[in-house]
Amino acid sequence: MTPHHTSRSSRSRRGWPGVLGLGVASGVAAALSVLAGRKAVATLKVGQGHPPLHRALDLGAGLMQPKYPLEAMSTYLNGFHMYADEMGRQVEATHFCIHLRHDLHQCVIFDRNAPDARLIGIEYIISEERFRDLPDEEKRLWHSHHYEVKSGLLTAPGIPEIAEHAYFNDLVSTYGKTFHTWQYDRDDFPYGLPQLMMGFTDDGQAHEVLIHGRDRALGLSTPHMRQNRADIPTPTIVPGANPWESGRTVQTSLEEKDFKR
């Protein structure tokens, strides 16, 4: 083997980490480019009909500004809520959640998973242990998740079954406090007060037309999810949750008060 050949071979071996690093960097750059492109397309789609200056500002802000709380949202859930004082008013709710602490999730809720979705509310989800420690008056604002999980009404679209099963095995014993700020089942504008919402607790309560519509749109099967979660233990519900089941409930209202300086 000639010295020239040995030197070239050594240079080639030494160059592999660099080549690999360039490949990884190129892959990351390509992924970032795709994400930026998707962000731009989504921003432009929502901005259709806006003045050109507004569209340019929205696009620039979308690509340049860090939005850490949004980037930290790790879970996409789909389910249904009913108004706390009227079971007949039911809406689909698309949640994007952050597991903020071991006993607390916080979610923003939209009417669907789309770039032009309407922001309709918020939900806090806490552990059973945390719920037990709440004052009795506070408990009246919360609903259990046991039936939503066991029935398949609550789902995490796009997650493999084994991972979804493990996730809902933890979520089945949690409690949620939900307020909707946009009554989109009635108005095409966010009129009125935030409304307290509740979850379903038994068969025959949720409208079948809503469930079938959701399943068709997302390619899901609520009966299949129900069967897949049959082995998840049903927790004992802590007294105080789901107050509407007693025939009495609470809802928001305006109160006029003296202004303090």
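The link of C97 and C107 is right-handed, with 105 degrees about the S-S bond, and the S to S distance of this disulfide is 2.1 Å, a disulfide being a pair of cysteine sulfur atoms within 2.5 Å. The pair joins distant parts of the chain, with C97 in strand β2, residues 86-101, and C107 in strand β3, residues 104-110, ten residues apart; strands here are DSSP runs of E, at least two residues, numbered from the N terminus. Both C97 and C107 are buried, that is, under 20% relative accessible area with a 1.4 Å probe and protein chains only.

Residues are numbered from 1 along each chain as its sequence is written, and side-chain values use heavy atoms, with hydrogens and water left out.

The protein chain averages a pLDDT (the predictor's confidence in each residue, from 0 to 100) of 86, and 76% of the residues score at least 70. Over residues 1-14, however, the pLDDT is below 50, and beyond near neighbours in sequence this stretch has one contact in the model, contact meaning heavy atoms within 4.5 Å. Where pLDDT is low, the predicted coordinates should not be read in detail.

Finally, the lining of the largest cavity: β1 (75-83) and β4 (119-126) each supply at least two residues. A cavity is a set of points, on a 1 Å grid over the protein atoms alone, where a 1.4 Å probe fits but cannot get out, and lining residues have an atom within 4 Å of a point. Among the lining residues are H81, H95, E123, H143, H145 and E148.

Terms used
Predicted model: local features only at pLDDT ≥ 70, side-chain atom pairs only at ≥ 80, totals over all residues. 1 Å grid on protein atoms, 1.4 Å probe; cavity = no way out; pocket = protein on both sides within 12 Å on 5 of 7 lines; lining within 4 Å. Helix = DSSP H or I, 4+ residues; strand = E, 2+ residues; numbered from the N terminus. Buried < 20%, exposed > 50% of the residue type's maximum accessible area, 1.4 Å probe, protein only.
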